[in-house]
Amino acid sequence: MLPWAPWALLALLLPTLLAPGEARHGRGLPARNSSRPALLRLSDHLLADYKKGVRPVRDWRKPTTVSIDVIVYAILNVDEKNQVLTTYIWYRQFWTDEFLQWNPEDFDNITKLSIPTDSIWVPDILINEFVDVGKSPYIPYVYVRHDGEVQNYKPLQVVTACSLDIYNFPFDVQNCSLTFTSWLHTIQDINISLLRLPETVKSDRSVFMNQGEWELLGVLTRFQEFSIESSHHYAEMKFYVVIRRRPLFYAVSLLLPSIFLMVMDIVGFYLPPDSGERVSFKITLLLGYSVFLIIVSDTLPATAIGTPLIGKTLSWGRAQCGRGTGPPLPLPPVCVPHSHPAPGCTGVYFVVCMALLVISLAETILIVRLVHKQDLQRPVPAWLRHLVLERITLLLCLGEQSASRRPPAPSQAAKMDDCSDIGNHCSHLGGTQDLEKTPRGRGSPPPPPREASLAMRGLLQELTSIRHFLEKRDESREVARDWLHVGSVLDKLLFRIYLLAVLAYSVTLVTLWSIWQYS
């Protein structure tokens, strides 16, 4: 055999042996000096045999852990009537896809790639409180790292149901939960974790638009497992968005006008009680307050289960903050769940102000009725004189009123005696027979004629009538003066009681609102 024959045979078989290896190298690990772009080659490499309908794990017993994060960007709307909160959040979720991994050295050191969301498996994480589809922008891509970590970033306009408690309006604090959970997969398939530390999430206000009506106090987080059936357990992550209303606008537009009207009602007590101007003044205040309530009725929030403290009807208890027990971090007092709704106070601010105006008007009508002068007005009873002009004046430190007691009026018998004296005096003048029978002395003047005696008698009767009229007028004035003194003392007493009630009511409201504001 020729010496060069083995070398010729080796040269013929070498291309045949190297062809399958080069084919495998072209499909699996592209050469670095290939003419196709590295991004295209990597995308084709990852999505060539990818099945997005199957959870991306090699061992089906291993759950897919989804790490989520929420950053509140803005509070768009708080609908108290429909119990709906509209927020705008930045949502992030990370998970590991074991079928989307590669060696960066084989693809021009690419460590991160953006691919269409519709081309890969995405967890079915939803918000349980969703009530409407918001106008969220559609983000069609996700980031994939070389180790299989998928990063899904998207902004969301979230329209969720929230149990809003407006009893403390306008100093109310609301706590609304956003519950993220898998709608289908149990915790054996999809588990949920928090991407950042709870303390970091709570204090993050870096992107929040803080110029609106609501102020973000914090975002609290809590993880829990719940089960619908005994064999199916689901993982959920709750984000409690705690917000507080800024009360300055409502304090200026609602509270201050009402306070001014109440101050004018108190000043109205300094009008004289015997003048009718006080009644018309208080009726005008009451009418103006009614018009004010009609104007502000649309400004006040209202719900089907209660009204605010400055509302108009009955408020029933505190609302619950959501399912389950409270989070481990401390919540404001407004979010403490109640097992049974307890009846709350009546919406007392406007209602009590209206009631105080009505009571003030009723007190004025009573005082005016007491001091009103009448021709047939009876004297002040002894018990009322003793109670008002002695006891109450002593209680109110009104010493000058006790000295205003008028002396007792002359009795009717004394008046009859006076009249009888005048009658006797008139009778002593006698008639014509008596005058004729009267003996005359030598130096006595002649008796007056009969016409003159009759005229004198008529004149005395007129004087008696005038005297009776003047005495009756003086007695009526004394009675009116006594009733005026009684009405004045009662007016001062009722004014001080009214003033104490207004002050106690004001201090109570200011104390409650201060506690709610700084709690």
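**Exercise 1.** Find the bridge partner of I125 in strand 8.

*Solution.* Start with the strands, which are DSSP runs of E with at least two residues, numbered from the N terminus. Strand 8 covers residues 173-182. In strand 8, I125 is bridged to S182. Strand 4 and strand 8 pair in the antiparallel sense, over 3 bridges. Two strands count as paired if DSSP finds at least two bridges between them.

The model is predicted, so local features need pLDDT of at least 70 and side-chain atom pairs pLDDT 80 or more, while totals for chains, interfaces and linings use all residues. Residues are numbered from 1 along each chain as its sequence is written, and side-chain values use heavy atoms, without hydrogens and water.

**Exercise 2.** Work out the strand order of the open sheet and name its edge strands.

*Solution.* Four strands are involved, in the order 4-8-11-10, with antiparallel pairing. Strand 4 (125-127) and strand 10 (214-229) are the edges, as each pairs on one side only.

**Exercise 3.** Describe how strand 10 and strand 11 pair.

*Solution.* Strand 11 spans residues 232-245. The two strands run antiparallel over 14 bridges. Strand 10 and strand 11 form a hairpin, with 2 residues between them.

**Exercise 4.** Where do the buried residues of helix 2 lie around its axis, and what do they pack against?

*Solution.* Helix 2 (a DSSP run of H or I, at least four residues) covers residues 38-47. Its buried residues (under 20% relative accessible area, 1.4 Å probe, protein chains only) are A38, R41, L42 and L46. They lie on the same side of helix 2, because they cover an arc of only 125° around the axis. These buried residues pack against strand 3 (112-116).

Notes. Buried means under 20% relative accessible area, exposed over 50%, partly exposed in between (1.4 Å probe, protein chains only). The arc is that of the directions from the helix axis to the C-beta atoms. Contact means heavy atoms within 4.5 Å.
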